[in-house]
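Student: I should like to learn how to read a protein model, feature by feature. May we work through one together?

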Amino acid sequence: MTESNTASGAASPPPPPRPPAPAAAPAPAASAWNDSDATPSDAEMTRAANVLKVVSDAYSAKMVGQERLRTSLLVSLIAGGHILLESVPGLAKTTAASTLADTVKASFKRIQCTPDLLPSDITGNQIYDAATGSFRTVLGPVHANFVLLDEINRSSAKTQSAMLEAMQEHQTTIGGEVHHLPKPFLVIATQNPIEQEGTYELPEAQMDRFLLKEIVEYPSPADEFEILRRIDSGVLDPDRHVASAVTLDDVQLLQDVASRIYVDAAIRNYIVSIAYVTRNPGPYIGEDRARYIKYGASPRASIAFLQASRALALLNGRSHVLPEDIRTLRHVILRHRVLLTFEADAEGIRSEEIIDQIFAAVPTP
């Protein structure tokens with residue numbers, strides 16, 4: 001306010017106070033969610049830490065930098081979710097996925113998505129066997145522990161929808177017969193944001209089924225120099241496998257331990273409040289910013305925060321979730337769930353900016 005405005009009495013009234021963050025329903029006692037006998041023991045936390053060290057070391061042996069990508073991949077694996085990677089070509093998305101599968105010694109399939117790809121090319125089909133006079137089922141490449149859908153936005157909407165059942169129900173239906181997918185089952189989908197010709201935008205229903213969406217950025221000059229050195233040394237040779245690996249039982253251990261990480265009622269209310277504000281942003285971030293939000297996050301966002309925060313706590317060696325875990329995960333969980341308007345895109349408003357303002361409006365417990 002200027003001095004002249006004060007003297008003339010033309011000062012505008014102060015803005016109304018921001019309403020308090022929405023209160024969730026009264027939470028039951030913590031024991032209703034976390035039995036003290038069921039929380040991870042010190043021995044289980046130690047075993048989980050040893051498994052994670054093997055996986056992280058094997059990843060770092062091939063991958064240079066990309067620590068955010070490593071964390072997101074491990075969080076998705078531990079939480080039992082799927083991940084969408086967005087970046088320009090050549091940033092080692094395929095290498096990261098194959099390295100993770102090689103480290104776990106799990107089955108890995110890569111599907112190159114093209115406009116002429118059919119749903120049966122992914123899930124499988126029934127083939128007539130003339131010798132027996134009957135049909136036999138041939139399972140598609142989606143029946144693997146790790147499935148890389150390369151450039152998923154190049155496949156048609158019909159083909160994209162073929163993945164919905166697999167991603168959500170962990171099963172496929174071929175000729176009326178249900179085929180369960182192996183455990184663990186992790187879909188790593190990639191999309192190229194700079195090439196739009198011959199692409200199909202992912203529908204909201206499909207986007208919501210990805211636990212996380214990670215933006216893979218260019219390496220630093222030092223990391224790129226190290227990449228060249230490793231190319232010369234043969235470390236990045238595709239025929240060269242990791243020296244040590246973990247088993248599928250070890251992954252099951254990680255998922256079991258993570259599912260019992262303690263999440264306090266205050267953290268749960270924090271998650272619910274954040275989801276509420278994404279759907280009712282006006283009173284909390286101002287109408288001038290709220291108009292950029294087309295749709296808020298669905299309840300899958302709250303579930304994703306609960307599952308991913310447990311996985312992140314386990315990665316950090318903790319048996320309990322902190323508010324910092326929720327804040328760390330805010331972009332990868334909400335950037336594909338808080339949908340912005342065309343006006344926001346035209347004005348260069350990024351979803352991360354809106355998400356940061358939403359978190360600033362909700363008090364941290």
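The dialogue below takes up the chain, its helices, a helix crossing and its aromatic rings.

Tutor: This is a predicted model, in which local features need pLDDT of at least 70 and side-chain atom pairs count only at pLDDT 80 or more, while totals for chains, interfaces and linings use all residues. Residues are numbered from 1 along each chain as its sequence is written, and side-chain values use heavy atoms, with hydrogens and water left out.

Student: How many helices and strands are there in the chain?

Tutor: Helices (H or I, at least four residues) and strands (E, at least two) are DSSP runs, numbered from the N terminus. The chain has 17 helices and eleven strands.

Student: What percentage of the residues count as buried?

Tutor: Buried means under 20% relative accessible area, exposed means over 50%, and partly exposed lies in between, with a 1.4 Å probe and protein chains only. Of the 365 residues of the chain, 45% are buried. Contact, in turn, means heavy atoms within 4.5 Å. Among contacts between residues at least 6 apart in sequence, 79% join residues at least 24 apart.

Student: How is the span of a helix judged, for instance in α9 and α13?

Tutor: The expected span is 1.5 Å times one less than the number of residues. Helix α9, residues 248-259, has twelve residues and reaches 17 Å from its first C-alpha to its last, close to the expected 16 Å. Just after α13, G317 takes a positive phi of about 75 degrees.

Student: Which residues of α9 are buried, and what covers them?

Tutor: An α-helix has 3.6 residues a turn, so residues three or four places apart point the same way. In α9 the buried residues are V251, L253, L254, Q255, V257 and A258. Their cover includes α2 (42-62), α3 (67-79), α4 (93-104) and α13 (299-315). Helix α13 has buried residues too, among them A301, F305 and L312.

Student: How do α2 and α4 cross?

Tutor: Two packed helices are described by the angle between their axes and the distance between the axes. Axes are lines fitted to C-alpha atoms, for helices over the stretch in contact, and angles run from 0 to 180 degrees between N-to-C directions. The axes of α2 and α4 come within 9 Å and cross at roughly 140 degrees. That makes α2 oblique to α4, given that angles under 35 degrees count as roughly parallel, over 145 as roughly antiparallel, 65 to 115 as roughly perpendicular and the rest as oblique. The contact is made by V54, V55, A58, Y59 and K62 of α2 with A96, T99, L100 and T103 of α4.

Student: Is V55 buried or exposed?

Tutor: V55 is buried because its relative accessible area is 4%. Leaving aside residues up to four places away in sequence, V55 touches L74, L100, T103 and V246. V55 and T99 are 44 residues apart in sequence and 9.4 Å apart in space, C-alpha to C-alpha.

Student: How many aromatic pairs does the structure hold?

Tutor: Rings of Phe, Tyr and Trp (its six-membered ring) pair if their centres lie within 6.5 Å; planes under 30 degrees apart count as stacked, over 60 as edge-to-face and the rest as tilted. The structure holds four such pairs. The rings of Y128 and F135 have centres 5.3 Å apart and planes at 65 degrees, so this pair is edge-to-face. Y128 is partly exposed at 48% relative accessibility, whereas F135 is exposed at 55%.
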